Amino acid sequence: MTVSQRLIEDFVRRAVEEDLGRGDLFARISQSRPLGAYILAKSEGVFAGREYIEALAGIYPLKLEWKIRDGERFTPGDRLLEIRGDSRDLLSLERTILDLALHASGIATLTARYVAELEGADCVLLDTRKTRPGLRAFEKYAVRCGGGQNHRMGLDDCLMLKDTHLRAIGDLESFMKQIRRQIPFTAKIEIECEDLEMARQAMAAGADIVMCDNMDSATIREVVNLRNERYPHILLEASGNVTLETIRTLAGTGVDAISSGSIIHQATWPDLSMKVEA
């Protein structure tokens, strides 16, 4: 088992323990018998959660027969997964299995809608760190299932200087020279900028990525032109008030990426249910 698989297993164990508490009361009073069930789609969407449900079935004696892969679309009436196992195990795990599929599929579905708006554009959709505590790896996995790309996973894999950080820094250029020797050689530095002048300073100071934060399209185009003329190695990211209605226009400015926290925190669950059959 890989380290990644172990982390997923630990996550699903905690999810089950949260629901079971000191034990399922129905399992205590019912008789054990073989039982089958299936997950039925009652709305459309993009599926995610398979990796985590498979980890669950690796811990508890459940047999899974998948009808869908992560990242595939489903429509009302589709059977997504057939499950067989001991009746007490299956019924005890029903809610955890559904919650994994519902939460991940909701994020994957909304992400896919944003990605569809970028079709044909040389621009990628990124998530953010606006994730629920304890669920970051799971929610960012769901973004990948929907066709998005992950931004940084945490504070340790990219140094981002936001407006709050910049207020604590005096001379940005001197600061950048100093920290280059203090952070890992492979780590990038991203600087959040609110206008063209700030973007100019960030590029001159040696940023690897410049975030155009809440800029209008005209200003972003000016930043893109500056980058193309003088700093072609720098990546540009647009962020702030990104919607399904505005993302295509933002992509048209020439930025390399657009980040949105809403693909996670505004996602709604699809309608999936588990049906039992003998």
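Four strands form an open sheet in the order E3-E5-E1-E12, with antiparallel pairing (two strands pair if DSSP finds at least two bridges between them; strands are DSSP runs of E with at least two residues, helices runs of H or I with at least four, both numbered from the N terminus). The model is predicted: local features need pLDDT of at least 70, and side-chain atom pairs count only at pLDDT 80 or more, while totals for chains, interfaces and linings use all residues. Residues are numbered from 1 along each chain as its sequence is written, and side-chain values use heavy atoms, with hydrogens and water left out.

**Exercise 1.** Find the angle at which H3 runs to E3.

*Solution.* H3 lies across E3 and E5, and the angle to E3 is about 155 degrees (contact means heavy atoms within 4.5 Å).

**Exercise 2.** Classify the ring pairs that tyrosine 52 forms with phenylalanine 11 and tyrosine 141.

*Solution.* Step 1: rings of Phe, Tyr and Trp (its six-membered ring) pair if their centres lie within 6.5 Å; planes under 30 degrees apart count as stacked, over 60 as edge-to-face and the rest as tilted. By this rule there are six aromatic pairs. Step 2: phenylalanine 11 and tyrosine 52 are 5.5 Å apart centre to centre with 80 degrees between the planes, an edge-to-face pair. This pair links helix H1 (residues 3–20) to helix H3 (residues 50–59), across 41 residues. Step 3: tyrosine 52 counts as buried because its relative accessibility is 5% (buried means under 20% relative accessible area, exposed over 50%, partly exposed in between; 1.4 Å probe, protein chains only). Step 4: tyrosine 52 and tyrosine 141 form a tilted pair, at 4.9 Å centre to centre and 50 degrees between the planes. Tyrosine 141 lies in helix H5 (residues 136–145), 89 residues from tyrosine 52.

How values were computed:
Axes are lines fitted to C-alpha atoms, for helices over the stretch in contact, and angles run from 0 to 180 degrees between N-to-C directions.
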